[in-house]
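Colleague: Could you take me through the strand pairing and the aromatic contacts in this model?

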Amino acid sequence: MYNIFMVYYVDKDWLINNGLISNGKTPPYNPKLTEKAKKLRKEMTKAECMLWFQFLKEHTYRFQRQKVIDHYIVDFYCSKAKLVIEIDGSYHYDNDQFQYDQIRTERLSIYNLTVIRFSNQEISDNFNKVCEVINSHLNPPL
């Protein structure tokens, strides 16, 4: 099952006070995470590879993988739709990790982003349904 969280906007002073860089058009980011994001792009999980190479890479909407937003690296991001896609492995169901993911989603929500989550199992077992859900969150839906 996937979860959807709608988010809100934060003012510029708050961004500066939290050490984030922003061009005013895209969500702010922590530049210290850029190198780690590049490394993660080279080390994608099997589920991330499947979603990227079989669906998102050539999608009509432009998606970025391992995108730095705030103090986090999200798996996939579509700026036009303000959509974040997270792929969760089994460790995400550990109570501590689950709580961390909730906090992270709430933090991303301040940038008016929608976050949807899928498990690795959903990607492998219901790939077409995952693609349909993603498309339903695009404006206009495909």
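Modeller: Two strands pair if DSSP finds at least two bridges between them; helices (H or I, at least four residues) and strands (E, at least two) are DSSP runs, numbered from the N terminus. The model is predicted, so local features need pLDDT of at least 70, side-chain atom pairs count only at pLDDT 80 or more, and totals for chains, interfaces and linings use all residues. Residues are numbered from 1 along each chain as its sequence is written, and side-chain values use heavy atoms, with hydrogens and water left out.

Colleague: How many bridges join β2 to β3?

Modeller: Strands β2 (residues 64-69) and β3 (residues 72-78) run antiparallel and are joined by 5 bridges. Lys 67 has Val 74 in β3 as its bridge partner. The two strands form a hairpin with 2 residues between them, and Asp 70 in the turn has a positive phi of about 60 degrees.

Colleague: Turning to the rings, how many aromatic pairs are found?

Modeller: The whole structure contains 2 aromatic pairs, where rings of Phe, Tyr and Trp (its six-membered ring) pair if their centres lie within 6.5 Å; planes under 30 degrees apart are stacked, over 60 edge-to-face and the rest tilted. Trp 52 and Phe 76 have ring centres 6.0 Å apart and planes at 10 degrees, so they are stacked. This pair links Trp 52 in helix α3 (residues 46-56) to Phe 76 in strand β3, 24 residues apart.

Colleague: Are Trp 52 and Phe 76 buried or exposed?

Modeller: Both Trp 52 and Phe 76 are buried (under 20% relative accessible area; exposed is over 50%, partly exposed in between; 1.4 Å probe, protein chains only).
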